[in-house]
Amino acid sequence: MASHSLEVNGVVHHVEADQNEPLLWILRDAIGLVGAKYGCGIGQCGACTVQLNGHPVRSCSLPVSAVAGQKITTIEGLSDGDDLHILQKLWVEFDVPQCGYCQAGQLMSAAALLETNPDPSDEEIDAYMAGNFCRCGTYNRIRKAIRTAAE
Ligand code: FES
């Protein structure tokens with residue numbers, strides 16, 4: 001066990017954990033932020049996606065010791081208080097989720113995409129979002145919401 005200092009959604013947390021403990025479990029179990037989901041556990045599905053310094057990362061595969069002192073943003077930090085992120089508003093408007101399990105990860109990748117590329121083409125959207133799987137097949141609505149946010 002070791003002590004780790006993490007900045008999550010602008011708040012610094014001090015947690016005791018093994019240095020190899022995946023960030024996902026720290027977020028969910030130690031800090032109580034359960035928006036990021038466990039899917040595959042091996043960095044393949046994207047359900048656990050959060051942002052590290054603005055870039056999407058798979059929190060199931062990131063040891064807590066690798067992220068100490070860096071800026072972590074989870075789905076709980078995407079909105080500005082009660083003011084939803086534009087993508088969250090469009091997710092609601094376009095009824096994007098079906099079962100919803102993957103959608104926090106989808107949103108964190110989509111938000112990172114628009115930060116780096118404010119006007120992505122469909123091909124760029126598909127390429128950037130390729131690591132976020134949706135078993136319900138909501139890809140068309142996800143693409144539409146991202147495209148609309150970029151307009
Ligand atoms: Fe992390 Fe699938 S749970 S990528």
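Me: Why is Ala68 called partly exposed?

Reply: In this predicted model, Ala68 has 16 other C-beta atoms within 10 Å; a residue is buried if 20 or more other C-beta atoms lie within 10 Å of its own, exposed if 12 or fewer, and partly exposed in between, with C-beta atoms placed from the backbone. The value for Ala68 therefore falls in the partly exposed class. Residues are numbered from 1 along each chain as its sequence is written.

Me: Where does Ala68 lie, and which residues does Ala68 touch?

Reply: Ala68 is placed in the loop between strand 4 and strand 5 (71–73), where strands are DSSP runs of E with at least two residues and helices are runs of H or I with at least four, numbered from the N terminus. Not counting residues up to four places away in sequence, Ala68 touches His4, Ser5 and Leu6, a contact being a pair of residues whose C-beta atoms, placed from the backbone, lie within 7 Å. Between the C-alpha atoms of Ala68 and Pro56, 12 residues apart along the chain, the separation is 16 Å.

Me: What makes Asp95 exposed, and what makes Asn9 partly exposed?

Reply: Asp95, in the loop between helix 2 and helix 3 (103–116), has 10 C-beta neighbours inside 10 Å and therefore counts as exposed. Asn9, in the loop between strand 1 (2–8) and strand 2 (11–17), has 17 C-beta neighbours inside 10 Å, so Asn9 counts as partly exposed. For Asn9, phi is near 50°, a positive value in a residue other than glycine, and for Asp95 phi is likewise near 50°.

Me: Why is helix 2 called oblique to helix 5?

Reply: Helix 2 (residues 86–93) and helix 5 (residues 139–150) pack at an angle of about 135°, with their axes 9 Å apart, the axes being lines fitted to C-alpha atoms over the stretch in contact and the angles running from 0 to 180 degrees between N-to-C directions. Angles under 35 degrees count as roughly parallel, over 145 as roughly antiparallel, 65 to 115 as roughly perpendicular and the rest as oblique, which means that helix 2 is oblique to helix 5.

Me: Which residues of helix 2 and helix 5 meet?

Reply: Ile86, Leu87, Leu90 and Trp91 in helix 2 meet Ala145, Thr148 and Ala149 in helix 5. The residues of this contact divide into 6 nonpolar, 1 polar and no charged, where Ala, Val, Leu, Ile, Met, Phe, Trp, Tyr, Cys and Pro count as nonpolar, Asp, Glu, Lys and Arg as charged, and the others, Gly among them, as polar.

Me: How many residues of domain 1 are in contact with domain 2?

Reply: The chain is divided into domain 1 (2–77) and domain 2 (86–150), with bounds that come from an automatic or database domain assignment. In contact with 12 residues of domain 2 are 14 residues of domain 1. Strand 3 (49–52) and strand 4 (55–58) are the elements that give two or more residues to the side of domain 1 that touches domain 2, and strand 3 gives the most, with 3 residues. That side of domain 1 divides into 7 nonpolar, 6 polar and 1 charged residues.

Definitions and conventions. This is a predicted model: local features need pLDDT of at least 70, side-chain atom pairs count only at pLDDT 80 or more; totals for chains, interfaces and linings use all residues. Two residues are in contact if their C-beta atoms, placed from the backbone, lie within 7 Å.
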